Amino acid sequence: MSKQGYIARYFNIVRKLSQQKYCSYEDLERFLEREFEMLQLNDDTLEFNFSKRTLQRDIREIRNILGIDIMYSRSQRGYYIIQDDYSSDLFLKTLEEINSFSALKLTNSLESIVYLEKRKPKRAEFLPDIVQAIQGKKKIEFHYQKFGEEKETIRKVSPIAIREHNNRWYLIADDKGIVKNFGLERMNRVSIFRDKIDDNIEFNYNDKYKYSFGIIVPSSEKPEKIVLSVTKKQAAYLESLPLHESQQILEIKNDEVLIGLELFLTEDFISEILSMSRSVTIIEPKKLKEKVKTILKETLEKYN
């Protein structure tokens, strides 16, 4: 079976057990067979081969690669996931971002009513290998080319976690004692080593990214108290999809809403503010107002 076929089976096993606890082998087999029939509409090279021995092998692979434990309950006569919901959701979200997995989200029967974003992150195919390395606590090596640079460098790092932001995936890794971010779209030739990750690596995700809008974490700056005035329409958008976990409504007026945040003043956050255009006015801090004013002036000059 092709690699996509294996991934498709892993995905659907976890998806089924996330939806139905204590699923029997027979129910799981019928579900997988139906899913593969739909997949075969888009890829006739996929074959459906499934048995109890195959399921046991899949359970081991899902545990080793993805860190999701599947058990069998004799009393309930069914399989179930013993991990918390977050682990399952993370797994599903990760695989759904992989380009080769689009067949799972769209079949011929849905093409006229379901329209997916055509922009896809590059190098998302490296996600399964990186997740496997993190779960196995093994080092990885990859060729890396920064934006604006012509030459690649070879990096051997200790992978810690993956992070998604703005339709891009990032690897968080220890590189010679420093925790750095690496964009997957800039990676090439990823290899997993037998070398084990140093257990003494200290990393706390919440502490590192607590005041970050995106992936950038300044090494010397401190977070700023930010107050924005937004239109009521924009406030509704921000209520449904907050800019940051620190977002709170400070005051509601007749024609505007004051929103408070505590964040680093990074380029990605400033870009987000600029994307709101006339719907937002910066109240404080002054340095943020000045940065945005400078950008707007420089932009305007390009059109004069």
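I began with Lys176, which sits in the loop between β5 and β6. Its phi is positive, about 55°, although Lys176 is not a glycine. I looked up its exposure next. At 80% relative accessibility, Lys176 counts as exposed. For this I used the cut-offs: buried is under 20% relative accessible area, exposed is over 50%, and partly exposed is in between, with a 1.4 Å probe and protein chains only.

A note on the source. The model is predicted: local features need pLDDT of at least 70, side-chain atom pairs count only at pLDDT 80 or more, and totals for chains, interfaces and linings use all residues. Residues are numbered from 1 along each chain as its sequence is written, and side-chain values use heavy atoms, with hydrogens and water left out.

**Entry: the whole chain**

I counted elements. The protein chain has nine helices and eleven strands. These are DSSP runs numbered from the N terminus, helices being H or I of at least four residues and strands E of at least two. Of the 304 residues in the protein chain, 39% count as buried. I then checked contacts, meaning heavy atoms within 4.5 Å. Among contacts in the protein chain with a separation of 6 or more, 60% come from residues 24 or more positions apart.

**Entry: the five-stranded sheet**

In which order do the five strands of the open sheet stand? I read β6-β5-β4-β3-β7, with antiparallel pairing. Two strands pair if DSSP finds at least two bridges between them. The edges are β6 (178-183) and β7 (187-196); each has a single partner strand, so one side of each is left without a neighbour in the sheet. From one strand to the next, the twist averages 45°.

I followed one pair closely. Strand β3 (residues 138-144) and strand β4 (residues 153-165) run antiparallel and are joined by five bridges. Tyr144 has Thr153 in β4 as its bridge partner.

Next came the helix on this sheet. Helix α5 (residues 127-136) lies across β3, β4, β5 (168-175) and β7, and runs at about 95° to β4. Axes are lines fitted to C-alpha atoms, for helices over the stretch in contact, and angles run from 0 to 180 degrees between N-to-C directions. I found Leu127, Pro128, Ile130, Val131 and Ala133 buried in α5.

Lys137 follows α5 and lies in the loop between α5 and β3. Its phi is near 55°, a positive value in a residue other than glycine. Is Lys137 exposed, partly exposed or buried? At 47% relative accessibility, Lys137 counts as partly exposed.

**Entry: the four-stranded sheet**

I moved on to an open sheet of four strands, in the order β9-β10-β8-β11, with antiparallel pairing. Here β9 (248-252) and β11 (280-284) stand at the edges, each with a single partner strand, so one side of each is left without a neighbour in the sheet. The twist averages 30° from one strand to the next.

I listed the pairs in turn.

- β9 and strand β10 (residues 257-263) pair antiparallel over four bridges; Ile249 has Ile259 in β10 as its partner.
- β8 and β10 pair antiparallel over seven bridges; Val230 has Val257 in β10 as its partner.
- β8 and β11 run antiparallel, joined by four bridges; Ser229 has Thr281 in β11 as its partner.

I also checked cover on β8. Five of its seven residues are buried, so β8 is mostly covered.

**Entry: helices α8 and α9**

How do α8 and α9 cross? The axes of helix α8 (residues 267-275) and helix α9 (residues 286-303) come within 11 Å and cross at roughly 65°. That makes α8 roughly perpendicular to α9. The term covers 65 to 115 degrees; under 35 is roughly parallel, over 145 roughly antiparallel, and the rest oblique.

Which residues meet there? Phe269, Ile270 and Leu274 in α8 meet Leu288, Lys291, Val292, Ile295 and Leu296 in α9. By class, this contact of α8 with α9 has seven nonpolar, no polar and one charged residues. Ala, Val, Leu, Ile, Met, Phe, Trp, Tyr, Cys and Pro count as nonpolar; Asp, Glu, Lys and Arg as charged; the others, Gly among them, as polar.

A cis peptide bond joins Glu284 and Pro285, with omega about 5°.
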